[in-house]
Amino acid sequence: QVQLVESGGGLVQAGGSLRLSCAASGRTFSMYAMGWFRQAPGKERAFVAAISRSGSFTDYADSVKDRFTISRDNVKNTMHLQMNSLKPEDTGVYYCAKFRRPRVFSNAKDPDEYGDWGQGTQVTVSS
């Protein structure tokens, strides 16, 4: 089973930026699409962004389009989420996740498509 470890969270003022990272163990990282989700206090986990296994295709929640950028490095087994123009409503615990099935990139917004999850990293945006 793959291990996913997020890092890069923290406290930032509105309008600021953060870059999250997700490090994956194992040798099959490049076979799977990956995604980011977030969970705000009292709310359900919500889709943020996803990226195909090659990085050629991406998908974003409407609320983060044009502010967040997802990327991956299949040599280093890492995925990143560059978050710019942060807003207080971006506050939450951010999780990286790996698709259940290899070579698939569909229904990326559905958390049931993902089989492995990290522990999460806290992002707090102050107003």
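Two strands are counted as paired if DSSP finds at least two bridges between them; strands themselves are DSSP runs (E, at least two residues), numbered from the N terminus. Six bridges join β3 to β8, which run antiparallel. This is a predicted model, in which local features need pLDDT of at least 70 and side-chain atom pairs count only at pLDDT 80 or more, while totals for chains, interfaces and linings use all residues. Residues are numbered from 1 along each chain as its sequence is written, and side-chain values use heavy atoms, with hydrogens and water left out.

**Sheet**
- The strand order β1-β3-β8-β7 describes an open sheet of four strands with antiparallel pairing.
- Its edge strands, β1 (4-7) and β7, each pair on one side only.
- Leucine 20 has leucine 81, in β8, as its bridge partner.

**Nonpolar core**
- A nonpolar core is a set of buried (under 20% relative accessible area, 1.4 Å probe, protein chains only) Ala, Val, Leu, Ile, Met, Phe, Trp, Tyr and Cys residues joined through side-chain atoms within 4.5 Å.
- The largest such core has 34 residues, and Trp36, Met79, Leu81, Met83 and Tyr94 have the most contacts inside it.
- β5 gives the most to this core, with five residues.

**Aromatic residues**
- Rings of Phe, Tyr and Trp (its six-membered ring) pair if their centres lie within 6.5 Å; planes under 30 degrees apart count as stacked, over 60 as edge-to-face and the rest as tilted.
- The count comes to six aromatic pairs.
- Phenylalanine 37 and phenylalanine 47 pair edge-to-face, at 5.7 Å centre to centre and 75 degrees between the planes.
- Phenylalanine 37 is buried at 0% relative accessibility, and phenylalanine 47 is buried at 11%.

Notes. Buried means under 20% relative accessible area, exposed over 50%, partly exposed in between (1.4 Å probe, protein chains only).
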